[in-house]
Amino acid sequence: KSTKQLKSLVLWQCAAPADEMCWLDVIDPYSLGRAPAIGQVLNAVFQQRITRQWYRIAVADRSNRAQFADIVCQVQSNGGLFRLASLLQAMKPAESAHIPKAQVPTLFIWGTADRSHRKTRRWTAMEFVA
């Protein structure tokens with residue numbers, strides 16, 4: 001893959017591949033979501049429960065958590081999907097991840113209150129840019 005067509009880049013709440021794999025262990029400690037088919041079944045059966053748990057961890061302001069989750073759960077009730085298992089399964093171990101370095105203006109966005117990233121070394125995202 002080439003970065004030649006990029007004019008600018010926004011990296012939102014992402015770290016270097018090795019750190020993302022550590023984050024994955026926090027999000028899916030028993031690797032159930034990463035298991036093909038099992039992850040999708042669990043995601044489908046417990047979709048709204050998983051959604052509420054996600055927002056409980058990711059949204060720092062307690063007064064907004066329920067509001068965020070309620071909106072997403074309503075969308076799910078109308079056919080919307082939260083494909084967390086597919087995301088988890090698509091993530092590859094650091095040694096197999098090859099990400100070319102971008103040589104463009106880059107904006108890093110990191111919400112320090114997201115408890116799922118409490119142990120993530122956020123500055124490792126600098127590996128993505130030259």
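Student: Which residues do ring pairs link into a cluster with Trp-54?
Tutor: In this predicted model, local features need pLDDT of at least 70 and side-chain atom pairs count only at pLDDT 80 or more, while totals for chains, interfaces and linings use all residues. Residues are numbered from 1 along each chain as its sequence is written, and side-chain values use heavy atoms, with hydrogens and water left out. Rings of Phe, Tyr and Trp (its six-membered ring) pair if their centres lie within 6.5 Å, and planes under 30 degrees apart count as stacked, over 60 as edge-to-face and the rest as tilted. By ring pairs of this kind, Trp-54 is joined into a cluster with Trp-23 and Phe-82.

Student: How many aromatic pairs does the structure hold, and is the pair of Trp-54 and Phe-82 stacked or edge-to-face?
Tutor: The structure holds three aromatic pairs. In the pair of Trp-54 and Phe-82 the ring centres are 5.7 Å apart and the planes stand at 75 degrees, so the arrangement is edge-to-face.

Student: Is Ser-116 buried or exposed?
Tutor: Buried means under 20% relative accessible area, exposed over 50%, and partly exposed in between (1.4 Å probe, protein chains only). Ser-116 has a relative accessible area of 6%, and therefore the residue is buried.

Student: With which side chains does the side chain of Ser-116 make polar contacts?
Tutor: A polar contact is a pair of N or O atoms within 3.5 Å; within protein, one must be able to donate a hydrogen and the other to accept it, and residues adjacent in sequence count only if both atoms are side-chain atoms. The side chain of Ser-116 has such a contact of 2.7 Å with that of Asp-114, and another, of 3.1 Å, with that of Trp-23.

Student: What is the relative accessibility of Gln-13, and about what value does its phi take?
Tutor: Gln-13 counts as buried because its relative accessibility is 13%. Although Gln-13 is not a glycine, its phi is positive, at about 50 degrees.

Student: Is Ala-37 buried or exposed?
Tutor: Ala-37, a residue other than glycine, also has a positive phi, near 70 degrees. Its relative accessibility is 51%, so Ala-37 counts as exposed.
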